Amino acid sequence: MQKCSQRERIMEHIQSTYGTGPEYLWADSPDTAVFRHPASRKWFAILMDVAPSRLGLPGEGTVWVMNIKSNPLMIGSLLSEKGFLPAYHMNKDHWVSILLDGTVSDKQILPLLELSYDSVTPKRRRRAAPDDQ
């Protein structure tokens, strides 16, 4: 039985937990998968294969990364950990890239993915109290 890659496990988790499937938006990058919040339609995760040199890493071929939204203060501390990189092709103040090569465990990734999902969840509007009208 073939072992499931970290990328495949993360994609399955997103689909089963958040009920949203991947969107493949670019013909020139057919494996890049974008995941949107079903209510807000905002992106909360992007999985893509990238040349290591584009990430400042050595090596040939490509590596799988996932970009997620995060709090700027959290990004600063994440970048000090192995497997976390400045966001590839996204706003580096609000996004971070995570290597999907096993360097970062699923156990570390899943709570960060949930925070990313929650960050794009539509905010509930406060109902006006009768005295506010």
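A residue is called buried when its relative accessible area is under 20%, exposed when the value is over 50%, and partly exposed in between, using a 1.4 Å probe and protein chains only. By that rule Arg36 is buried, because its relative accessible area is 17%.

The structure is a predicted model, in which local features need pLDDT of at least 70 and side-chain atom pairs count only at pLDDT 80 or more, while totals for chains, interfaces and linings use all residues. Residues are numbered from 1 along each chain as its sequence is written, and side-chain values use heavy atoms, with hydrogens and water left out.

Helices (H or I, at least four residues) and strands (E, at least two) are DSSP runs numbered from the N terminus. Strand 5 covers residues 95-99, and five of its five residues are buried, so the strand is largely enclosed by the rest of the structure. Both of its faces are covered: Trp95, Ser97 and Leu99 are buried on one side, and Val96 and Ile98 are buried on the other.

Strand 5 also has pairing partners. Two strands pair if DSSP finds at least two bridges between them. Strand 3 (residues 63-69) pairs with strand 5 in the antiparallel sense, over five bridges. Within this pairing, Ile68 has Val96 of strand 5 as its bridge partner. Strand 4 (residues 84-86) is joined to strand 5 by three bridges, and these two strands run antiparallel as well. Here Pro86 stands opposite Val96.

Next comes the interior. A nonpolar core is a set of buried Ala, Val, Leu, Ile, Met, Phe, Trp, Tyr and Cys residues joined through side-chain atoms within 4.5 Å. The largest such core has 23 residues, of which Ile14, Phe44, Met66 and Leu113 touch the most other members. At least two residues of this core come from each of helix 1 (6-18), strand 1 (33-36), strand 2 (43-50), strand 3, helix 2, strand 5 and helix 3 (106-119). A second, separate core has eleven residues, including Val34, Val50, Val65 and Leu99.

Side chains of opposite charge can pair when their charged atoms come close. A salt bridge is a side-chain nitrogen of Lys or Arg within 4 Å of a carboxyl oxygen of Asp or Glu. The count by this rule is three salt bridges. One joins the side chains of Arg9 and Asp106, at 2.6 Å from N to O. Arg9 lies in helix 1 and Asp106 in helix 3, so this pair ties together parts that are 97 residues apart in sequence. Arg9 counts as partly exposed, because its relative accessibility is 33%.

Between Glu23 and Arg36 the closest N and O atoms are 2.8 Å apart. Glu23 is in the loop between helix 1 and strand 1, and Arg36 is in strand 1, 13 residues apart. The side chains of Arg41 and Glu23 meet at 3.2 Å, N to O. Arg41 lies in the loop between strand 1 and strand 2, so its pairing with Glu23 ties together parts that are 18 residues apart in sequence. Arg41 is partly exposed, with a relative accessible area of 43%.
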